[in-house]
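Reader: Please take one part of this model and go through it closely. I would like the packing and the backbone in one connected account.

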Amino acid sequence: MTIAVIMLTLAGLIFFFATTVGILRFPDFFSRMHAAGKGDTLSSLLMLLPLALYNFHEFDLANMLVALKVLLIAVFIFMASPTATHAILDAGYEAGIKPWTKKPEEESP
Amino acid sequence: MIWQLDFCVLTLIVICAFATIMVKDLLSAAIIFGAYSFLMCLLWTEMGAVDVAFTEASVGAGVSTVLFFAAVYQTTRRVGVRKSGRMLSKAFALVAALLTGLVLVIAEADFPGFGDIFTPASLHVSPYYITQTLHDTNVPNMVTSVLADYRGFDTMFETAVIFTAGLAVIAILRRFKKEDRCDLPEPYVISAGYPDTIIRFVARQLVPFIQLFALYVVAHGHHSPGGGFQGGVILGASFILLAISYDFKVVLGIMSERWNVLLGNIGVLIYAGIGFLCLLLGANFLDYSMLSKILPATDKIMARSHGMLGIEIGVAIAVMAIVISIYLNIVSHGKYDKGL
């Protein structure tokens, strides 16, 4: 059990690190949001799952309830985080941000 | 208390505070201020003040950021830059700030250390609350009982302060006549205005859960962190979510302006009314134990618990109405016609 908790937390940390690198290093707004939205959602889920698991060291009703609440948080993050990413991306698209391409731009926007 | 964690959080708080002042873009400043509030929330949690952390998370990081956004949306993103060198006034401001800081640092030396058990408050007042709350009021969460019962008078006027703030916003911003008294630039067009199905669908699914959670926070404040303020703010935030994801008019359809102001009044009146009810029953103002005369099947201790629940509900209603009304006024520029 402890090993599973440690492994999941480590995986979450790795994904969080990748997300941060992605936000910092990707070339434009859309790809940065891609990193932020996907990485954030998955890594917070990976961090919350071990939290729920960790509560089962002593198996009783109270711990079960806490674990259930943690899982509920995970569900809501899974719903809300991609939607927020979508909303930001949509606003950026409508504001007329040009996606990055490999071709060098001739005229400045 | 883990001092390494404290140190990291405090450093980030100071950085955020500086960044909020230095950043020229007001929208960025609002976002950084939200991060600052969230770090404060972490710090409160670290110090064991979970109720305060909850309030900070819902009010500071949540609703006030949205209110800042609404204000920026209606005014401008840019800070007015003064070019002329007013060195004298700047130097004067620096000296004033440094002097005030110096006085505060000197005064801080007189405060007891954090968690010092030999201060008068820790020796006499706190032990009473810690040991006697459950016995006196049958409420396990002593923060709730201190706020709503032992210090009920203070909390009543805190509610009144929030109500007054809402009234002030309405008095300043609300405009009933058609013509503009002052011309502000048109707000930015953030969205082309076509309905976004994904956002609307998810918001529609989430709002009932948010409101249910808010009611849980209000009702469960006796046993866990939370209470009227936090629950009311979350309720108000759910309406703001509706207003942002759908339309301004949807919220007005659910909760018209008349109802909104009326609910703000009703909330404060519930609080004060319960106090007066105690007065009528022959006890002191806000002494809930006398409510056992009219509440069926309660003794004096349980009556205090129920009285607290009553005033928490009043606080929640007032705070919810005021949060919604402040948001609607700011975002529609007081005209209630269109908004974010």
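**A buried loop residue and the core around it**

Author: B:Leu286 counts as buried, because 23 C-beta neighbours lie inside 10 Å. The model is predicted, and every value here is computed from it. B:Leu286 sits in the loop between helix 11 and helix 12 of chain B. Its phi is near 65°, a positive value in a residue other than glycine. Most residues other than glycine have a negative phi.

B:Asn138 lies in the loop between helix 5 (120–137) and helix 6 of chain B.

Now the core. The largest nonpolar core has 68 residues. Among those with the most contacts inside it are B:Ala316, B:Val319, B:Ile322 and B:Tyr327. Elements of chain B that give two or more residues to this core include helix 2 (26–47), helix 3 (50–74), helix 11 (257–280) and helix 12 (300–331). Helix 12 of chain B gives the largest share, 20 residues. In soluble globular proteins, nonpolar side chains tend to be buried together.

Take B:Val319 in detail. Leaving out residues up to four places away in sequence, B:Val319 touches B:Ile162, B:Gly228, B:Phe229, B:Gly232, B:Val233 and B:Gly236.

A second core is separate and has six residues. It includes A:Leu8, A:Leu46, A:Leu48 and A:Ala52.

Back to the two domains of chain B. Their C-alpha centres lie 22 Å apart. Their contact takes 16 residues from domain 1 and 21 residues from domain 2. On the domain 1 side, nine residues are nonpolar, six are polar and one is charged.

Which residues of helix 2 of chain B are buried? They are B:Ala30, B:Ile32, B:Phe33, B:Gly34, B:Tyr36, B:Ser37, B:Phe38, B:Leu39, B:Met40 and B:Cys41. These buried residues pack against helix 1 (3–22) and helix 3 of chain B. After helix 2 of chain B comes B:Gly48, with a positive phi near 90°.

The C-alpha trace of chain A spans about 65 × 25 × 10 Å along its principal axes. Of its 109 residues, 13% count as buried. For contacts in chain A with a separation of 6 or more, residues 24 or more positions apart account for 67%.

Finally, the contact between the chains. Chain A supplies eight residues and chain B nine residues. The chain A side has four nonpolar, two polar and two charged residues.

Methods
Residues are numbered from 1 along each chain as its sequence is written. Chains are lettered from A and ligands numbered from 1 in the order in which they are written. This is a predicted model: local features need pLDDT of at least 70, side-chain atom pairs count only at pLDDT 80 or more; totals for chains, interfaces and linings use all residues. A residue is buried if 20 or more other C-beta atoms lie within 10 Å of its own, exposed if 12 or fewer, and partly exposed in between; C-beta atoms are placed from the backbone. Two residues are in contact if their C-beta atoms, placed from the backbone, lie within 7 Å. Ala, Val, Leu, Ile, Met, Phe, Trp, Tyr, Cys and Pro count as nonpolar, Asp, Glu, Lys and Arg as charged, and the others, Gly among them, as polar. A nonpolar core is a set of buried Ala, Val, Leu, Ile, Met, Phe, Trp, Tyr and Cys residues joined through C-beta atoms within 7 Å. Helices (H or I, at least four residues) and strands (E, at least two) are DSSP runs, numbered from the N terminus. Domain bounds come from an automatic or database domain assignment.
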